[in-house]
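Visitor: I would like to learn how to read a structure with several chains. Please take me through one, step by step.

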Amino acid sequence: MKLSKLATGLGCRLEGDGTIEIVRVAGIQRAEPGDVTFLTNSRYAADLATTRASAVIVGLTDVVQSTTAALLRSDNPYAAFARAIMMFAQGHSVPPPPGVDRLSAVAPDATIGAGAAIGPFVTIGAGAVIGPRTIVYPNVVIGAGVRIGEYCVIRSHVTIRDRITIGDRVILHDGVVVGSDGFGFARETDGTHLKILQLADVVIEDDVEIGANSTIDRPALGETRIGAGTKIDNLVHIAHGVAIGRRTLLAAQVGIAGSTTLEDRVTLAGQVGVAGHLTLGTGVVATAQTGIPNSVEAGSFVSGYPAIPNRDWLKSSAVFRKLPELRKTLSDLERRLAALEEKMG
Amino acid sequence: MKLSKLATGLGCRLEGDGTIEIVRVAGIQRAEPGDVTFLTNSRYAADLATTRASAVIVGLTDVVQSTTAALLRSDNPYAAFARAIMMFAQGHSVPPPPGVDRLSAVAPDATIGAGAAIGPFVTIGAGAVIGPRTIVYPNVVIGAGVRIGEYCVIRSHVTIRDRITIGDRVILHDGVVVGSDGFGFARETDGTHLKILQLADVVIEDDVEIGANSTIDRPALGETRIGAGTKIDNLVHIAHGVAIGRRTLLAAQVGIAGSTTLEDRVTLAGQVGVAGHLTLGTGVVATAQTGIPNSVEAGSFVSGYPAIPNRDWLKSSAVFRKLPELRKTLSDLERRLAALEEKMG
Amino acid sequence: MKLSKLATGLGCRLEGDGTIEIVRVAGIQRAEPGDVTFLTNSRYAADLATTRASAVIVGLTDVVQSTTAALLRSDNPYAAFARAIMMFAQGHSVPPPPGVDRLSAVAPDATIGAGAAIGPFVTIGAGAVIGPRTIVYPNVVIGAGVRIGEYCVIRSHVTIRDRITIGDRVILHDGVVVGSDGFGFARETDGTHLKILQLADVVIEDDVEIGANSTIDRPALGETRIGAGTKIDNLVHIAHGVAIGRRTLLAAQVGIAGSTTLEDRVTLAGQVGVAGHLTLGTGVVATAQTGIPNSVEAGSFVSGYPAIPNRDWLKSSAVFRKLPELRKTLSDLERRLAALEEKMG
């Protein structure tokens with residue numbers, strides 16, 4: 001594709017020779033002539049001078065000191081990069097063909113939408129509804145009464161328990177479990193634990209994506225809900241009765257305990273843990289491994305365990321490293337003061 | 001159901017109008033007239049005044065200042081709530097019907113107990129024994145020589161490796177792996193890692209429940225054992241040779257390293273990690289994200305990383321936030337002391 | 001087996017009666033007469049005096065004060081133990097028989113190597129190549145164009161996405177996902193997240209072992225690579241574009257964020273988290289739960305969050321416990337100093 005045509009397709013302003021032929025997208029360090037690359041992380045800014053790429057997607061006002069590459073200027077270079085990836089996709093997925101594989105177990109009264117594809121070794125329970133053009137990969141288990149919208153992608157080994165509701169354009173990666181029993185037990189007087197039946201709803205709204213082997217539990221009462229446009233990474237645990245708002249991002253191995261609410265546009269980095277029965281307000285951000293034992297105000301940026309404002313945590317962490325030195329200084333002061341006190345009588 | 005009848009069924013003392021018709025269990029904030037709700041978490045005490053529920057399960061001596069709801073007083077309100085949930089279950093599961101699905105692969109010499117249900121795409125190995133009335137959901141893989149007791153529920157995509165022993169009334173949620181190889185390697189002189197074969201036993205005792213996508217490894221020697229009545233949440237890792245006692249509770253994403261022993265009634269909150277070759281005594285409790293590098297005495301309540309008594313950890317964490325301030329105070333003192341020293345000669 | 005023969009087989013120097021009959025390997029505390037045991041962890045040294053084992057594998061120069069057991073001296077006792085385990089394996093696995101199970105869905109143009117075994121309910125996509133003598137357990141899903149080498153063991157419920165490359169002698173435990181989409185989104189101006197297609201390669205080199213339910217993501221560009229001889233435990237998350245060197249060990253529940261490089265022979269203990277776009281140099285070691293936000297020099301030994309040298313972290317952690325006491329000392333000093341200052345005028 002000519003670079004001028006790519007610039008138009010991506011909505012970028014071109015600085016350079018539009019007649020260059022572009023054949024691939026590549027990372028800035030691995031790029032070769034014929035490649036378009038991108039710069040959205042300042043960590044890689046120095047690579048601009050040395051990249052062999054033919055073109056680089058940059059911001060509208062980024063100062064580029066020295067590069068042999070043409071520039072594609074965008075008000076949102078990362079989104080432009082994402083679109084370039086779509087235009088030059090490296091390989092593709094091979095989903096099951098439309099229709100129902102003969103080696104599947106689909107209940108006679110299940111409804112399979114037009115153009116939907118059901119792979120081999122898939123079980124679909126009584127009364128379930130699979131929306132048009134939804135793709136169900138091999139070995140998926142869909143319970144009775146489940147409702148799945150259109151254009152969803154349900155990858156291999158996913159379980160969707162009975163009566164769960166899934167919206168449109170939802171992507172569930174391999175091994176995701178939606179609707180497993182919440183971890184709820186009442187301690188009996190004799191010390192045994194009585195299981196609290198977990199049979200209420202889970203609702204996954206439109207445009208949600210959930211990463212491989214993540215688990216979303218169903219509650220005893222009410223519902224567990226994942227809001228529209230929320231993206232969840234791999235190996236994340238969402239407990240029973242959790243409510244997650246819209247456009248939230250949860251990185252890998254995050255865990256959210258029962259009955260907690262995350263409002264819209266929360267961002268939790270990897271391995272963050274959130275205790276139960278809390279509310280994280282709109283736009284809360286937590287850095288990796290943060291442990292959150294209390295509710296957090298909208299707009300807060302927190303770190304540490306227990307979580308405190310990120311700025312405070314950075315400062316306290318810097319002092320933490322010097323604690324042995326601090327203790328020594330304190331001992332010295334104590335000795336000097338005692339000497340003075342003695343001198344003064 | 002009449003409230004008076006519900007009170008009798010739950011073993012509660014009724015305060016209020018026993019002729020009210022109860023149709024549902026609901027959370028205290030979402031409850032409507034006709035609902036029974038419960039108060040077991042003081043966090044929600046203020047909701048008692050405003051709940052629209054017709055009845056509330058409370059403790060025998062809880063002081064209820066103002067509510068329009070009838071009261072159901074119980075010496076164990078959480079267990080009474082659990083029983084109420086069973087009486088008004090919201091929906092139900094649809095297990096495979098009793099018998100063996102024709103799309104399964106069951107070894108000719110496997111024994112399937114009376115009333116057991118084996119779903120489609122299930123593999124059962126040579127000589128395996130599935131107890132009476134046990135339910136095996138679709139796509140489960142059960143190895144050769146496995147013994148599973150009666151009234152178990154084995155959810156979709158579970159793997160039970162060869163020769164594992166599972167007791168009665170055990171629940172394994174979707175994606176659980178029992179008997180995967182322990183992580184054991186011996187470093188050779190040339191730096192490569194020699195695999196130590198992991199072929200010894202795993203025993204899951206009666207009444208254990210294990211959450212979705214958790215993994216229980218088998219050891220090279222001896223056994224891995226999960227004691228009767230223990231409950232394990234999602235995405236938990238139990239390494240090879242771990243011994244877990246009775247009635248222990250492990251919340252989501254906990255990890256226990258190899259050859260460690262947890263005695264009875266241990267409670268580990270979410271994301272706790274325990275190092276290998278340790279013993280946690282009876283009744284040990286650890287708060288979320290605690291890291292435990294050493295054995296812990298019975299009855300201890302620990303937090304932090306490395307784990308220390310919870311009370312100490314709370315106090316030290318409070319000071320941690322003030323470390324920058326502390327350092328400044330220390331600098332000030334040092335300056336003032338130096339001034340005094342100079343003055344004194 | 002006669003002890004003398006065992007000594008020869010393990011390359012050990014025998015001290016004691018070579019005519020003893022050895023029948024089993026056992027842990028030092030559970031061993032009985034007729035057992036060989038081993039001592040590689042000084043934690044168990046005291047058990048040497050009381051073990052009932054007939055023989056013990058120890059180091060060449062270990063001082064053994066009192067034991068009734070014969071000694072098998074080795075320059076690598078842990079590797080000798082691993083070999084002894086192989087010689088007396090407790091039980092064995094029952095893989096699917098060679099050939100393709102009739103209840104599988106293998107694309108007509110897939111290539112199944114000589115002696116390979118494909119179990120029931122396995123899907124193999126168009127053009128995939130399964131190497132000679134590789135074993136594929138039930139319910140595995142292998143995408144189109146995948147290449148798997150020889151002598152691999154692919155356990156139940158594994159997913160290998162389209163076009164992934166797997167070397168020789170690789171072991172993937174149950175529920176592993178290789179090639180799930182990396183967690184990559186570009187934020188649009190309207191606040192929604194645009195999915196960045198993740199279709200590039202994952203390469204798993206020879207002799208890699210990956211634990212149950214771990215997930216290895218594929219990137220949009222470049223590749224994710226796991227180097228030869230690397231061993232990964234259960235529930236580990238490897239993000240898109242990560243490069244892991246040779247002979248690295250990752251314990252359970254470790255998470256590595258996108259585009260990070262681990263050079264050779266890195267060792268990360270359980271629940272360690274590593275941020276994105278970093279480099280951990282050759283031989284880096286991190287203790288359990290360490291959080292690594294910055295690149296780490298080769299040969300470093302780090303702990304804590306944020307990670308600092310292990311030695312410093314141990315010292316600072318010791319002071320952390322005493323922070324309340326430190327604060328009190330500081331207050332006392334402040335008061336005494338103020339008194340002195342007043343006295344001096």
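Guide: Start with the elements: helices (H or I, at least four residues) and strands (E, at least two) are DSSP runs, numbered from the N terminus. In chain C, for instance, C:R30 sits in the loop that joins strand 2 (24-25) to strand 3 (35-38). Residues are numbered from 1 along each chain as its sequence is written, chains are lettered from A and ligands numbered from 1 in the order in which they are written. This is a predicted model, in which local features need pLDDT of at least 70 and side-chain atom pairs count only at pLDDT 80 or more, while totals for chains, interfaces and linings use all residues.

Visitor: Is C:R30 buried, exposed or partly exposed?

Guide: The test counts other C-beta atoms, placed from the backbone, within 10 Å of the residue's own: 20 or more is buried, 12 or fewer is exposed, and in between is partly exposed. C:R30 has 14 such atoms, so C:R30 is partly exposed. Sequence and space are separate matters: C:R30 and C:D75 lie 45 residues apart in sequence and 25 Å apart in space, C-alpha to C-alpha.

Visitor: How many residues of strand 19 of chain A are buried?

Guide: In strand 19 of chain A, 5 of its 5 residues are buried, and the strand is mostly covered.

Visitor: Which strands pair with strand 19 of chain A?

Guide: Two strands pair if DSSP finds at least two bridges between them. Strand 16 (residues 159-160) of chain A pairs with strand 19 in the parallel sense over 2 bridges. Strand 24 of chain A also pairs with strand 19 in the parallel sense, over 4 bridges. A:V177 of strand 19 stands opposite A:T159, and A:V177 also stands opposite A:T215 in strand 24.

Visitor: How many residues does each chain give to the contact of chain A with chain B?

Guide: Two residues are in contact if their C-beta atoms, placed from the backbone, lie within 7 Å. Chain A gives 62 residues and chain B gives 60 residues. On the side of chain A that touches chain B, the elements that supply at least two residues each include strand 19 (177-181), strand 24 (215-218) and helix 3 (310-320). Helix 4 of chain A provides the largest share, 8 residues. For residue classes, Ala, Val, Leu, Ile, Met, Phe, Trp, Tyr, Cys and Pro count as nonpolar, Asp, Glu, Lys and Arg as charged, and the others, Gly among them, as polar. This side of chain A has 30 nonpolar, 23 polar and 9 charged residues.

Visitor: What does chain C give to its contact with chain B?

Guide: Chain C gives 60 residues, and chain B gives 62 residues. Helix 2 (77-87), helix 3 (310-320) and helix 4 (323-344) of chain C each give two or more residues to that side. Helix 4 of chain C has the largest share, 10 residues.

Visitor: Why do the copies meet through different surfaces?

Guide: Only 19% of the interface residues of chain A are also interface residues in chain B, so the surfaces differ.
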